[in-house]
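Student: I would like to learn how to read a model feature by feature. Can we work through one together?

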Amino acid sequence: MPTDDIILEADDKMDKAVAVLAEEFKGLRTGRATPALVDHFTVEYYGAPTPIKQVASISCPDARLIVIKPYDAAALQPIEKAIQKSNLGINPQNDGKMIRLAIPPLSEERRKQLAKMAKDSVEKAKVAIRNIRRDAMKQAEEEEKKGIMTEDDLTRFKDEIQKSITDHEKKMDEILEKKTKEIMEV
């Protein structure tokens with residue numbers, strides 16, 4: 001049945017939107033050191049943009065420190081530049097062998113800004129899944145016009161796609177709630 005294909009495709013796209021949101025939240029600073037803060041950076045390494053994970057090991061020996069040890073000493077400067085160019089707001093400390101990032105505690109104002117940024121990201125993701133729904137509805141309505149789908153099938157399809165939207169929005173809200181709690185804790 002063609003409607004099942006449309007629903008599966010829309011569900012898959014919505015799952016990807018949720019996954020992208022979760023991945024985006026990994027890099028959102030919370031006042032606690034985590035390798036996810038820097039592992040999405042790309043470094044200009046021998047003239048090619050390279051993910052930092054491929055040129056260095058990233059560890060967090062404690063809750064307020066990230067240590068980046070390049071596999072090759074030539075990567076030290078490019079890694080430092082990539083961190084300085086980022087909007088992380090942390091100055092790297094280069095000792096010639098590794099880079100240390102001391103994570104300062106977040107001010108209350110900055111916590112609120114980050115929580116608002118997280119909420120904005122969720123709203124953008126929700127708009128994306130609503131666009132997916134719109135496209136799926138358009139596709140189903142075209143099939144109904146062509147006689148591939150009955151009117152009852154179209155009504156059932158609309159109910160299923162709405163349930164899928166509701167489920168995905170709930171997942172996004174749960175992710176936001178967890179991240180906001182993480183950001184706001186001192």
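This is a predicted model: local features need pLDDT of at least 70, side-chain atom pairs count only at pLDDT 80 or more; totals for chains, interfaces and linings use all residues.

Student: How many helices and strands does the chain have?

Tutor: Helices (H or I, at least four residues) and strands (E, at least two) are DSSP runs, numbered from the N terminus. Here there are five helices and six strands. Their order from the N terminus is α-β-β-α-β-β-α-β-β-α-α. The radius of gyration is 22 Å, well over the 16 Å that the globule rule gives for 186 residues, so the chain is more spread out than a compact globule. That radius is taken over C-alpha atoms; the rule is 2.2 Å times the number of residues to the power 0.38.

Student: What volume does the largest pocket have, and which residues are closest to its centre?

Tutor: Rolling a probe the size of a water molecule over the atoms shows where empty space is left. A pocket is an open set of points on a 1 Å grid over the protein atoms alone, where a 1.4 Å probe fits, with protein on both sides within 12 Å along at least five of seven lines; lining residues have an atom within 4 Å of a point. Grid points are joined across faces, edges and corners, and the volume is the space filled by probe spheres set on the points. The largest pocket has a volume of about 410 Å³. Of its 21 lining residues, the closest to the centre are Glu24, Gly27, Leu28, His40 and Asn87. Helix H4 (108–146) gives the most to this lining, with five residues.

Student: Which residues of H3 are buried, and what covers them?

Tutor: Buried means under 20% relative accessible area, exposed over 50%, partly exposed in between (1.4 Å probe, protein chains only). In H3 (residues 76–85), the buried residues are Leu76, Pro78, Ile79, Glu80, Ala82 and Ile83. Their cover includes helix H2 (52–55) and strand E3 (56–62).

Student: Is Asp173 buried or partly exposed, and what does Asp173 touch?

Tutor: Asp173 lies in helix H5 (residues 151–184). Asp173 counts as partly exposed, at 35% relative accessibility. Contact means heavy atoms within 4.5 Å. Not counting residues up to four places away in sequence, Asp173 touches Val122 and Lys126.

Terms used
Residues are numbered from 1 along each chain as its sequence is written. Side-chain values use heavy atoms; hydrogens and water are left out.
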